[in-house]
Amino acid sequence: MIDDAIRVLAGDCTVIAEDADREEYRGRVTTIVKPDNTVLVHDIDGYQPVAWLTRADSVSSDRRDGFSVVAKKGTQTLRIAAHERDGFAHYPASAAGTPVGTCPDCGAALVRSSGVHCVGCGDRYGVPADATVRDEHCGCDCGLPKMRVERGLAFNVCLDRGCESLDAAVKEAFDREWACPKADCDGDLRILRRGGLIAGCEHYPDCDTGFAVPAGVVDGECACGLPTFETASGIRCLDATCDRALETPLEDDAAADD
Ligand SMILES: [Zn+2]
Ligand SMILES: [Zn+2]
Ligand SMILES: [Zn+2]
Ligand SMILES: [Zn+2]
């Protein structure tokens, strides 16, 4: 369930913002307190609040007479005291994101912000930052959309890792596919998750060779013997520290002379 709420307080208020100096306002204003303790006091016009405190250290409210809100952050204090109250309410809140489909559990919208979450039931799915969530026609049997993620190949897997594992798909495609590049090592690179997905030598800890699998598609072989990846920022070697990915192979030079 979504348990984050935005509090809204409206009325004829005195607003006092104190730091090194002190500002005082009075008017019929609406105060919004976000779950991250950001406090915004809005008057009649413009997008800019009359007073605000972003991610306050503490916010306390007192509803005894009218209402009052006190927010503090470091040396800053923001007080809102109502002389006459027009309204006070809590509303459920979530991150707003790009709509990417429909929740199979509750029928509400799935949206993409940092991950993907349901606006209705609050279900969340972690999604790699570079993943593209596909349209609903490419849905999994479980009803969730699929995502497209490039890890050596373009994989299309369910948003829910528990339903269909990206790691398992990458492992099936590339486990033991590349040899450890260390001169005196005869190991293969295994696909493992260590924070992110890595291709790491099977002889670990005797050999500590390991590379994060880049977000991109394998498009050839580097002069060092490892694969090259076509990524959003260009062609690179599996080894991020290797600068030989763009060296022209000798036979291509010969062909160019013809
Ligand atoms: Zn839902
Ligand atoms: Zn699924
Ligand atoms: Zn090795
Ligand atoms: Zn290389």
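Predicted model: local features only at pLDDT ≥ 70, side-chain atom pairs only at ≥ 80, totals over all residues.
**The largest pocket**
- The lining counts 13 residues, and those closest to the pocket centre are Ala-17, Glu-18, Ala-51, Trp-52 and Gln-76.
- Sorted by class, seven of the lining residues are nonpolar, two are polar and four are charged.

**Zinc ion (ligand 1)**
- Here the protein donors are the SG atoms of Cys-103, Cys-106, Cys-118 and Cys-121, and they sit 2.2 to 2.3 Å from the metal.
- Angles among the four donor atoms run from 94 to 121°, and the site is tetrahedral.
- Along the sequence, the donor residues of this ion read C-x2-C-x11-C-x2-C.
- Cys-103 belongs to the loop between strand S8 (98–102) and strand S9 (109–112), while Cys-118 is part of strand S10 (residues 116–118), so this pair ties together parts of the chain 15 residues apart in sequence.
- Cys-103 has a relative accessible area of 3%, so it counts as buried.
- Cys-118 is buried too, with a relative accessible area of 0%.

**Zinc ion (ligand 2)**
- Cys-140, Cys-142, Cys-158 and Cys-163 coordinate this ion, each through SG, at 2.2 to 2.3 Å.
- The site is tetrahedral, its four donor atoms making angles of 100 to 120°.
- The spacing of the donors along the chain is C-x1-C-x15-C-x4-C.
- Is Cys-140 buried or exposed? With a relative accessible area of 15%, Cys-140 is buried, because the cut-off for buried is under 20%.
- Cys-142 has a relative accessible area of 34%, so it comes out as partly exposed.

**Zinc ion (ligand 3)**
- The SG atoms of Cys-180, Cys-185, Cys-201 and Cys-207 are the protein donors in this case, lying 2.3 to 2.4 Å from the ion.
- Why is the arrangement around this zinc ion called tetrahedral? The four donor atoms subtend angles of 101 to 118°, and four donors count as tetrahedral if all angles lie between 85 and 135 degrees.
- Cys-180 is found in the loop between helix H1 (166–174) and strand S15 (189–194), and Cys-201 is in strand S16 (residues 196–201), so the two tie together parts 21 residues apart in sequence.
- Both Cys-180 and Cys-201 are buried.

**Around Gly-152**
- Where does Gly-152 sit? Its place is in strand S13 (residues 146–152).
- The relative accessible area of Gly-152 is 1%, so this residue is buried.
- Leaving out neighbours within four places in sequence, Gly-152 is in contact with Phe-174, Pro-214, Gly-216, Val-217, Val-218 and Phe-229.
- Gly-152 and Pro-227 are 75 residues apart along the chain, yet 9.0 Å separates their C-alpha atoms.

Technical notes: Residues numbered from 1 in each chain as written. Chains lettered and ligands numbered in written order. Heavy atoms only, no water. Donors = N, O, S within 2.8 Å, 3.2 Å for Na, K, Ca; no water. Tetrahedral: all angles 85-135°; square planar, octahedral: opposite > 155°, others 65-115°. Helix = DSSP H or I, 4+ residues; strand = E, 2+ residues; numbered from the N terminus. Buried < 20%, exposed > 50% of the residue type's maximum accessible area, 1.4 Å probe, protein only. 1 Å grid on protein atoms, 1.4 Å probe; cavity = no way out; pocket = protein on both sides within 12 Å on 5 of 7 lines; lining within 4 Å. Nonpolar A, V, L, I, M, F, W, Y, C, P; charged D, E, K, R; others polar. Contact = heavy atoms within 4.5 Å.
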